[in-house]
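Here are my notes on this one, point by point. Have the structure open while you read.

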Amino acid sequence: MTDGALPEIRRWTAEHAAPGDVTLWAPDGLPEFRPGADLAGILAEALTADPHGLTDGDVVVLTSKVLSKTEGRIVPAPTDPEERDALRRQLVEQESVRLVARVNRTLITENRLGIVQAAAGVDGSNVETGELALLPTDPDASAAALAADLRRITGARVAVLVTDTMGRAWRTGQIDMAIGAAGMRVSVGYDGAVDRQGNELLVTDVAVADEVAAAADLVKGKLGARPVAVVRGLGHLLVDDDGNADPATSTDLAGSGSGTVAGSGSSADVPRTARDLVRDGESDLFRLGTAEALAQGRREAVPARRSVRRFSDAPVEPELLAEAVADALTAPAPHHSTPIRFVRVTGQARVRLLDALRADWERDLRADGHTGDVLARRLGRGDILRECPELIVPFVDDASGAHTYPDERRAACEVTMFTVAGGAAVQSLLVALAARGLGSCWIGSTIFAADTTRRELGVPDTWRPLGGVAVGYPAEPVPARAARPAGEAYLTIS
Ligand SMILES: Cc1cc2nc3c(=O)[nH]c(=O)nc-3n(C[C@H](O)[C@H](O)[C@H](O)COP(=O)(O)O)c2cc1C
């Protein structure tokens, strides 16, 4: 390899557009296909008998319903609308691996092939009234077999696309898309290509198989019993079994583009099955419907909170803290009161408070008999509040709405009631922080040093500290919490 030369990669030196005119037609007179029909034989005869004939570089596009019929993917169904609908639902469930969205009674699901569409492709159109059609089990394999058979019978080097009609996110209306492909590139990536103006095309990756599928529907239609179309003029897109440009059809390729489009690695990487067009759920930005995504977010909001004890240096946006506090104040509290106070402690106030808490704690530990390393280690546990980017000290104010009682018992119960309300608000704060991507850890220390805390922060005597909350962006990703059954923590007494 000399300087500047490309290593062993195939260069795709043209764009996806046809070098000349594209023509397409859909022959009339095809029979109603039934299970076991000799599809290749029937198509070969019909397509070669058509005045256009069949020639190298043609793309044969057939609606998947034809394969559903010839491959026995037709299910007998009751004609009674209610029973038919019940069976349809059962089939949709059977054909689906994942629910993506629900719109009224329509389910958008992902099927075993990774295809996301309404009702998993289960369809009652263009079949007998006592039937329902399922999608072919492996449309790429069916396309490959049909392409090989058509080539063998007719001698024409053709590609095959299998299509289905699908709705699209963000757009009304449906178009046909490729769910099976053989013998042609299904997409043409322009990564690294430069246009005439010198702009680099970074993200353009044209799904040519879907474009051809949609175009073919313009002549196939839905009602005219024309389930097959032929598209001529796209020979430059055909590839052989190894993914190389088909020499029999692609002579127009080299240098025909005004810009240069670099190939995406070796010919083995050339996308040439419909499966290559499927973006899996994990990497798709819209992997769930809006309502489903919101529901999942709500379900996960509480368990997503975990104690985070190591934070990154990234500063926490003050408005996020204020938002989380506002959310936390929606926690339930007795007597329609709002007895909770959250104090953001920063700068010298924080240093003073933590030094004073440490002094109190050290005094207690020494009184317990701890010295030396043990003492230092125990005191070190308080460092999280020094090292976290933000510290919030929650209080419950006993003068904000608590009732007074003449007897000690009820007075103590009232204190408990306000304390638990404080706990609810702090937990709400932690959940609200987690929902904003912020980690937190609730540390109990100020509860053990209430006077010191009040003195250092200069807050009223009626404010009872409920610990301290360390806040910051987690230093490492917070792992999802494993599902845990309620177990013995959940009882029913009747
Ligand atoms: C009132 C209270 C005080 C806590 N004090 C401390 C503490 O001093 N140090 C600490 O590391 N964690 C403290 N925690 C956090 C618990 O250790 C933590 O919630 C528990 O281990 C469960 O883990 P999780 O929060 O990730 O579910 C405290 C939690 C509560 C509710």
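**Notes on the model**

1. Let's start with a strand pair: β2 (residues 59–63) and β14 (residues 228–232) run antiparallel and are joined by four bridges. Within that pair, Val61 has Ala229 of β14 as its bridge partner. Keep in mind that this is a predicted model, where local features need pLDDT of at least 70, side-chain atom pairs count only at pLDDT 80 or more, and totals for chains, interfaces and linings use all residues. Numbering runs from 1 along each chain as its sequence is written. Strands (E, at least two residues) and helices (H or I, at least four) are DSSP runs numbered from the N terminus, and two strands pair if DSSP finds at least two bridges between them.

2. That pair sits in an open five-stranded sheet, ordered β1-β14-β2-β8-β9 with mixed pairing. β1 (23–25) and β9 (171–182) are at the edges with a single partner strand each, so one side of each has no neighbour in the sheet. On average, neighbouring strands here are turned by 25 degrees against each other, direction ignored. Helix α5 (residues 208–220) packs on this sheet, touching β1, β2, β8 (159–168), β9 and β14, and its direction makes about 110 degrees with that of β9. Contact means C-beta atoms, placed from the backbone, within 7 Å; angles run from 0 to 180 degrees between N-to-C directions, with axes fitted to C-alpha atoms, for helices over the stretch in contact.

3. The other sheet to look at is open too, with three strands in the order β4-β5-β6 and antiparallel pairing. Its edges are β4 (96–103) and β6 (116–118), each with a single partner strand, so one side of each is left without a neighbour in the sheet. β5 (residues 106–111) is joined to β6 by three bridges, and Thr109 stands opposite Gln117 in β6.

4. Now the helix pair: the axes of α7 (residues 318–328) and α11 (residues 408–435) come within 8 Å and cross at roughly 140 degrees. That makes α7 and α11 oblique to each other (under 35 degrees is roughly parallel, over 145 roughly antiparallel, 65 to 115 roughly perpendicular, the rest oblique). From α7, Ala324, Val325, Asp327 and Ala328 meet Ala425, Ser428, Leu429, Ala432 and Leu433 of α11.

5. What surrounds the ligand? Arg306, Ser307, Cys441, Trp442, Ile443, Gly444 and Gly467 do, taking a C-beta atom, placed from the backbone, within 6 Å as the cut-off.

Note on methods:
Contact = placed C-beta atoms within 7 Å.
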